[in-house]
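Student: I would like a close look at one part of this model, followed by a connected account of the rest. Please start with the backbone and side-chain detail and go on from there.

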Amino acid sequence: MSDKTAIIGVVGLGYVGIPLSISFSRAGYKVVGFDIDSSKTESISRGKTYIKHIPDAEIENAVSLGMEATTDFNRAKEADALIICVPTPLDDHREPDLGYVLSTMEMLVPHLRAGQVVSLESTTYPGTTDEKLKPMIEAAGFEVGVDIYLVYSPEREDPGNPNFTTSTIPKVCGGDTESCREVGKYLYSNVIDQVVSVSSTRVAEMSKLLENIHRAVNIGLVNEMKIVADKMGVDIYEVIDAAATKPFGFVPYYPGPGLGGHCIPIDPFYLTWKAREYGVNTRFIELAGEVNSSMPEWVVGKVAEGLNSHKKSINGSRILMLGIAYKKNIDDMRESPSVEIMKQLQDRGALIEYSDPYVPVFPKMRRYSFDLSSAELTAKNIASFDCVVIGTNHDSFDYEMILDNSALIVDTRGVYRDEHENVIRA
Ligand SMILES: NC(=O)c1ccc[n+]([C@@H]2O[C@H](COP(=O)([O-])OP(=O)(O)OC[C@H]3O[C@@H](n4cnc5c(N)ncnc54)[C@H](O)[C@@H]3O)[C@@H](O)[C@H]2O)c1
């Protein structure tokens, strides 16, 4: 491995798989990326990105260093390590849907050979690696820890955060056996500055969930505090900034329109589901979920309030949603609360449009359908709306110009810290 002759197979070329492939490529390894979506493998082979915050140049560079992308799983046997980064969503009953992980493993098993490392990176409940993946490997005649080294190592990508790269974020890694643990540590230490070895795959699986539950619960707490502060006429941002001067024991979290992305709204419920098997209720998780998922309704209430003060109703008003990605400076729309707000406003009769430089055309989504493309942000256009809702605080928006030209702004992100006649916080 250290002579860089090992071939790294990355399975699932999405938000997690692509940066990981680039890291191994940069470190001098031959990378073969696998995906079932040929449009993605073709795009990568051409050196083209399909994720806005990952520039073409990085993919072009990886391809020039020998990275390949394919839908041909026969090639999995070429790889010395197979790293699985496929989605782990919730199903319609908000229960874990391991379908992608299991079908990926089914596709890989016929091509496994002795000496390979199999690493699962997808976020999941404790027990997935040893209860689900291990038996599939053993059923193919391999002994885990002797023939195949099985590890779980959760991804900690923070898309759009310029302060960290895949290599500089410490990485937790747990093995099914001691030898798996050693091999896993070795695999990742070639590209990650600090690998944190833990005693089992279950510890690694649960540590990832704790990180995300910590965020979900604290965001829920601050969203509840926001409502209390609003009713009391207190500025929640001033409160948070003041509390954050405490040099120990406090971490600032900021309120918003609700949770978004593929992780924080979803992952905690993987633990809720698994905990039920042990007769435990995860009350903090449920409560945070309840508070956070009620935020779009709170925002819609604020829009109604603002329009009302202009003697208008939601019904028939032209409303512009500014920012529909789930967080700033990225193009990821998964679980974006902006879209839920758009839907609730439209259901109440609003004439809804949106503007987002990262999302030129409203994409196909499972639960939402809007036949819209991003509205131009000119002073004249902004002035033509009855209300502008700031859903995502992209840095590229001209907030000064928006403030000067909007009849009414509902600000869910605390963009405007000073009081303005035409701004309502939500
Ligand atoms: N996006 C993040 O910031 C982030 C951060 C930490 C952890 N995670 C976790 O990492 C995992 C992957 O997330 P993501 O955001 O990269 O997802 P993604 O949807 O961006 O990418 C997943 C890729 O897997 C492909 N795929 C699906 N089934 C496949 C199969 N059978 N074989 C090969 N490829 C297959 C899809 O076509 C897609 O390209 C999830 O478990 C997620 O919770 C994501």
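Student: Take Lys 311: is it buried or exposed, and what is its relative accessible area?

Tutor: Lys 311 is exposed, and its relative accessible area is 78%. The cut-offs here are under 20% for buried, over 50% for exposed and partly exposed in between, with a 1.4 Å probe and protein chains only. This is a predicted model, in which local features need pLDDT of at least 70 and side-chain atom pairs count only at pLDDT 80 or more, whereas totals for chains, interfaces and linings use all residues. Residues are numbered from 1 along each chain as its sequence is written, and side-chain values use heavy atoms, with hydrogens and water left out.

Lys 311 belongs to the loop between helix H11 (295-309) and strand S9 (318-322). Helices (H or I, at least four residues) and strands (E, at least two) are DSSP runs, numbered from the N terminus. The phi angle of Lys 311 is near 60 degrees, positive although the residue is not glycine. Most residues other than glycine have a negative phi. Arg 94 also has a positive phi, near 55 degrees, and is likewise a residue other than glycine. Arg 94 is in the loop between strand S4 (81-84) and H4; its relative accessibility is 44%, so Arg 94 counts as partly exposed.

H4 (residues 99-108) supplies four residues, the largest share of the shell around the ligand. In total 28 residues surround the ligand, and the closest are Val 16, Asp 35, Lys 40, Thr 88 and Thr 104; a residue is near a molecule if one of its heavy atoms lies within 4 Å of it. The shell consists of 13 nonpolar, eight polar and seven charged residues. From an N or O atom in the side chain of Lys 40 to an oxygen atom of the ligand the distance is 2.9 Å. A backbone N or O atom of Thr 123 is 3.0 Å from an oxygen atom of the ligand, and a side-chain N or O atom of Arg 334 is 3.1 Å from an oxygen atom of the ligand. On its own the ligand has 830 Å² of accessible area, and the protein covers 94% of that (Shrake-Rupley method, 1.4 Å probe).

Polar contacts within the protein come next. Such a contact is a pair of N or O atoms within 3.5 Å, one able to donate a hydrogen and the other to accept it; residues adjacent in sequence count only if both atoms are side-chain atoms. Thr 282 sits in the loop between helix H9 (268-276) and helix H10 (283-293), and its side chain has a polar contact of 2.8 Å with the side chain of Thr 272. Thr 282 has 15% relative accessibility and therefore counts as buried. In helix H10 itself lies Asn 292, which counts as buried because its relative accessibility is 2%. A polar atom of the Asn 292 side chain is 3.1 Å from the backbone oxygen of Ala 216. Asn 190 is in the loop between helix H6 (178-189) and strand S8 (195-198). Its side chain makes a polar contact of 3.0 Å with that of Tyr 29; the two residues are 161 residues apart along the chain, with C-alpha atoms separated by 9.6 Å.

Aromatic rings remain. Rings of Phe, Tyr and Trp (its six-membered ring) pair if their centres lie within 6.5 Å, with planes under 30 degrees apart stacked, over 60 edge-to-face and the rest tilted. The count is eight aromatic pairs. Tyr 354 and Phe 362 have ring centres 6.0 Å apart and planes at 75 degrees, so they form an edge-to-face pair; both residues are buried. For Tyr 399 and Tyr 416 the centres are 6.3 Å apart and the planes at 80 degrees, so this pair is edge-to-face. Tyr 399 is in helix H14 (residues 399-405) and Tyr 416 in the loop between strand S12 (409-411) and strand S13 (423-425), so the pair ties together parts 17 residues apart in sequence. Tyr 125, Tyr 270 and Trp 273 are linked into a cluster by ring pairs.

A charge sits over a ring if NZ of Lys or CZ of Arg is within 6 Å of the ring centre and within 35 degrees of the ring normal. Lys 171 lies over the face of Tyr 188, 4.7 Å from the ring centre, and the charged end of Arg 318 is over the ring of Phe 385, at 4.2 Å from its centre.

How values were computed
Ala, Val, Leu, Ile, Met, Phe, Trp, Tyr, Cys and Pro count as nonpolar, Asp, Glu, Lys and Arg as charged, and the others, Gly among them, as polar.
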